[in-house]
Amino acid sequence: MSKEYTGTISSKGRVTIPVEIRKRMGLRAGDRVEFITESGVTTIRPSRGDVNPFEAYAGALGTFEGGVAEINQWVGDLRGR
């Protein structure tokens, strides 16, 4: 079920995002958002910024030199197979 929310644009172009949407998106005062337009549809989302939050974990699992078979074995072990 969809629900419509409305916001207000000020004379300076600022938009008030309804509290229900802010909560759902985890937005707080000072957060940045992005407006993405694809195929005539505009979407708002929290700004991803230039920093990749997963970059700190790169290499944490080591390397899989055995290719796909080794990765599949590792995932299977994690799942208890």
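Tutor: We'll take the overall layout, then the strands, then the helices. This is a predicted model, where local features need pLDDT of at least 70, side-chain atom pairs count only at pLDDT 80 or more, and totals for chains, interfaces and linings use all residues. Residues are numbered from 1 along each chain as its sequence is written, and side-chain values use heavy atoms, with hydrogens and water left out.

Student: What does the secondary structure of the chain come to?

Tutor: Two helices and two strands. Their order from the N terminus is α-β-β-α. Helices (H or I, at least four residues) and strands (E, at least two) are DSSP runs, numbered from the N terminus.

Student: What is the radius of gyration of the chain?

Tutor: The chain has 21 Å, while a compact globule of 81 residues would have one near 12 Å. That radius is taken over C-alpha atoms, and the globule rule is 2.2 Å times the number of residues to the power 0.38. Along the principal axes, the C-alpha atoms fill a box of roughly 60 × 35 × 25 Å.

Student: How much of the chain is buried?

Tutor: Buried residues are 7% of the 81. Buried means under 20% relative accessible area, exposed over 50%, and partly exposed in between (1.4 Å probe, protein chains only).

Student: On to the strands. Which way do S1 and S2 run, parallel or antiparallel?

Tutor: Antiparallel, with six bridges joining S1 to S2. Two strands pair if DSSP finds at least two bridges between them. Valine 33 has proline 46 in S2 as its bridge partner. Isoleucine 36 is partnered by threonine 43 in S2.

Student: What sits in the loop between S1 and S2?

Tutor: Serine 39 lies there, between S1 (33–38) and S2 (41–46). The hairpin has two residues between its strands. Phi of serine 39 is near 50 degrees, a positive value in a residue other than glycine. Most residues other than glycine have a negative phi.

Student: Is serine 39 buried or exposed?

Tutor: Exposed, with 79% relative accessible area.

Student: How many salt bridges does a search of the whole structure find?

Tutor: One. The side chains of arginine 45 and glutamate 34 meet in a salt bridge, at 2.7 Å from N to O. Arginine 45 is in S2 and glutamate 34 in S1, so the pair ties together parts eleven residues apart in sequence. The cut-off is a side-chain nitrogen of Lys or Arg within 4 Å of a carboxyl oxygen of Asp or Glu. Arginine 45 counts as partly exposed, at 25% relative accessibility.

Student: Helices now. Where does isoleucine 21 lie?

Tutor: In H1, residues 19–25. Isoleucine 21 counts as buried, at 17% relative accessibility. Isoleucine 21 and tyrosine 5 are 16 residues apart in sequence, and their C-alpha atoms are 8.0 Å apart.

Student: And H2, how many residues has it?

Tutor: Twelve, residues 67–78. H2 reaches 17 Å from first C-alpha to last, close to the 16 Å expected at 1.5 Å a residue. The expected span is 1.5 Å times one less than the number of residues.

Student: What comes just after H2?

Tutor: Glycine 80, with a positive phi of about 80 degrees.

Student: Last one. Which residues make the nonpolar surface patch?

Tutor: Leu61, Trp74 and Leu78, giving about 330 Å². Patches are made of residues with over 30% relative accessible area and no salt bridge: like charges are joined within 9 Å, nonpolar side chains (Val, Leu, Ile, Met, Phe, Trp, Tyr) within 5 Å. Areas come from the Shrake-Rupley method with a 1.4 Å probe; for residues, only the protein chains shown count as cover. Tryptophan 74 lies in H2 and counts as partly exposed, at 32% relative accessibility.
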